[in-house]
Amino acid sequence: MTYAAPVTDLIKERLTPFPRDHFLAAGDLHPPAALALLDLADAFVDFNRQSAKGVDLMRGQTVVNLFFENSTRTSSSFEIAAKRLGADVVTMPVASSSVKKGETLIDTAVTLNAMKPEILVVRHASSGAVDLLSQKVGCAVVNAGDGRHEHPTQALLDLLSIRRAFGDVGGLTVAICGDIAHSRVARSNVALLQMMGARVRLIGPPTLVPGDADRWGCEVFHDMKEGLAGCDVVMMLRLQLERMAGALIPSTREYFRFWGLDREKLAWAAPNAKVMHPGPMNRGVEIDSDVADDLSVSLIQDQVEMGVAARMAVLAALAHRRAGGAA
């Protein structure tokens, strides 16, 4: 397989070890480490736009994707990322695995550990499950989303998208809007955005904003017009009906009327504001198609592309640490 030497040389120049054995939460990073990952991911963006996309940074290593929840974007982007790095990839079909026969998470961890993978990528419906699993295996573990807790690689790719759009993250005002109470994406983004110097606002109905949100270091708004005023980035969140207990909104139609992003509400933000959404989108519920599909304001498709590059950076940095690189 051939590749452009200058791009690959840049990747190798920017490759530094991950600061911890696992990537379980945004707090596993610190500003220099986050910047190093973003710089490495930037190099992978250019690399991925070539016709030949193979590199041997993880040749002979095994990455196992273990997803206990349905996923399209995250699962496929991790698989593509690992394969482009030269790794052998195994995606475990949990729906037809021994988990469905009653095997516990710990039993699954012990079984996988005996197969000696280098990296285990895990998504689970229970908060803290990925952390528990990381304590039972000898490989590196990446949190691909655990319950309402965290989704750190999503926050990293969002940061990459913002930095490429604005040149820097520090000093920007970012509004995270919608179902914050059930969102692991919101928690990871708040931590990483604030770490890199952004000002973060949380906007949503009182029923969908955590009661302790005022202790997250963010400004909290329950009015879209007031909350969006002057914002540089508007990040909409999916209304996670499957995680809700009870009726927290009157109807999706009413929700869109007050909290869904359309042209009128976007006009309240800064003149050059960008729109984001981690996906999957509920069109006409949290965002209007006219806004989501307008590439002059929307970074949503860009986020999908950045997902592969950011996850390549994480996997490569973790593999480098395991190979003996000093953090």
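Strands β3 and β4 pair in the parallel sense over 5 bridges; strands here are DSSP runs of E with at least two residues, helices are runs of H or I with at least four, both numbered from the N terminus, and two strands pair if DSSP finds at least two bridges between them. H124 stands opposite D146 in β4. From β3 the chain passes through helix α5 (residues 129-134) to β4, in a right-handed β-α-β crossover: with the strands pointing away from the viewer, the path from the first strand over the helix to the second runs clockwise.

This is a predicted model, in which local features need pLDDT of at least 70 and side-chain atom pairs count only at pLDDT 80 or more, whereas totals for chains, interfaces and linings use all residues. Residues are numbered from 1 along each chain as its sequence is written, and side-chain values use heavy atoms, leaving out hydrogens and water.

β3 also pairs with β1 in the parallel sense, over 5 bridges, with L120 as the bridge partner of V64. How many residues of β3 are buried? The number is 6 of the 6, so β3 is largely enclosed by the rest of the structure; buried means under 20% relative accessible area, exposed over 50%, and partly exposed in between, with a 1.4 Å probe and protein chains only. I119, V121 and R123 lie on one side, and L120, V122 and H124 on the other.

Let us turn to helix α3. The buried residues of α3 are T74, S75, S77, F78, A81 and A82. Following α3 is G86, with a positive phi near 95°.
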